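Please look over the following notes on helix packing and on backbone geometry. The points are numbered for reference.

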Amino acid sequence: MSTTLTAAPPRGFALLLGWRRLRFTLCASFVIGFPMALGWHSGFLSLMVRAVTLGLLAMLMFGLFEQWPRRLPSWLARWALQVMGVAVVMPAAVCAIYVWSTAPGAPAFWQDSERLSGFWMLTVAGMLLAPWMALGALVRQKDALARHQALSFELQRSELERQALDARLRLLQAQVEPHFLFNTLANVRELVDSGSPQASPVLGSLIAYLRAAVPRLHEATTTMEQELQLVRAYLELMHMRMPDRLRFTLSADDAALALPCPPTTLLTLVENAIRHGIDPSEEGGRIDVGVRLRDGRCHAQVVDTGVGLQAAGNGLGTGLATLRERLLLVFGAGASLRLSAVQPHGVCAELDLPAPEGRP
């Protein structure tokens, strides 16, 4: 089971002095301070330095209460603490700036009407604008957090859907394995029970075949060439069991051999033709397997001249039902499996699969 790792959110000084937050604070300080600085009595630079200083102090207070204290009483929301902290720091910071900027021996700033007017202007502007800017930053944070959580949930949902799909495919694959193996072993048992001299050669061929086939049953995908190799080995095995009742041919376009397909796709169709078409027929029949590449699609056919659909009945076994579900899980609506009658008797199973781009 795979897990998705996400980067931990910044904390401490990385959050307190983040570049995006610092850039926003500097820009906002210049935008707010510029119109006030045009008529400032002590000069443009003096006001801009004070505006930037107040902005940085507000940013530090906002970030400080964002992380400290770690636990708050239930009646106090952290966002409210951050806004109140920004509002309270403004008059204290303006007062400290004016006290610090007063020259030694000069009267206090509240004794100078011009400086007192500047003090109140900065204080009122800071207390009015800074809390609203803090609220705006909180809204942006909440919106970004909501988008991040929605993206995380979507990624997690996609991962769970993929895992469920893989589990479903493995379950269906597990159903295919015993279905195929038990049917083949039942054929060998019939030969042993009847005392046929073909039992030992057939069993030897079955062992050789299973050594090559069983590992591929666990693979997530295979190629048409590998599928045809398995089909040929299976049909040769069945031909040894009933040499006078089974004939077969295999053909494929060279360009279609490298195309991917789910494991045992063709093998399921061929086994179904043997079990429900050739075996019930007294005279046996013929199986023709063909794979063609046309118009960017892979077309595969398994045609048998067995007893046909009506004689075989509606229940053609679990193999085709399982194959249809596997194709739906892998390709969605991009693949189809159709059965049609062949005259005078027999069945044609047609498989239509997408050919991935970049394939010949």
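1. The axes of α3 and helix α4 (residues 78-100) come within 8 Å and cross at roughly 145°. Axes here are lines fitted to C-alpha atoms, for helices over the stretch in contact, and angles run from 0 to 180 degrees between N-to-C directions. Helices (H or I, at least four residues) and strands (E, at least two) are DSSP runs numbered from the N terminus. The α3/α4 crossing is right-handed (near helix turned clockwise from the far one by less than a right angle).

2. This is a predicted model, in which local features need pLDDT of at least 70 and side-chain atom pairs count only at pLDDT 80 or more, while totals for chains, interfaces and linings use all residues. Residues are numbered from 1 along each chain as its sequence is written, and side-chain values use heavy atoms, with hydrogens and water left out.

3. On the α3 side, the contact with α4 (heavy atoms within 4.5 Å) includes L54, L57, M61 and F65. Among their partners in α4 are L81, V86, V89 and I97. By class, this contact has 14 nonpolar, four polar and three charged residues. Nonpolar covers Ala, Val, Leu, Ile, Met, Phe, Trp, Tyr, Cys and Pro; charged covers Asp, Glu, Lys and Arg; the others, Gly among them, are polar.

4. Helix α2 (residues 19-37) packs on helix α3 (residues 44-67) at an angle of about 145°, with the axes 8 Å apart. The crossing of α2 and α3 is right-handed. Residues of α2 in this contact include L22, L26, F30 and F34; those of α3 include L47, V52, L56 and M59. The α2/α3 contact divides into 14 nonpolar, five polar and two charged residues.

5. The bond from W68 to P69 is cis, with omega near -10°, and P69 lies in the loop between α3 and α4. Q343 and P344 are also joined by a cis peptide bond, with omega about 5°; P344 sits in the loop between β6 (336-341) and β7 (347-354).

6. Most residues other than glycine have a negative phi. T264, not a glycine, has a positive phi of about 60° and is in the loop between β3 (260-261) and α8 (265-278). T264 counts as buried, at 3% relative accessibility (buried is under 20% relative accessible area, exposed over 50%, partly exposed in between; 1.4 Å probe, protein chains only).

7. D295 has a positive phi near 55°. D295 is in the loop between β4 (285-294) and β5 (297-304), and is exposed, with a relative accessible area of 80%.
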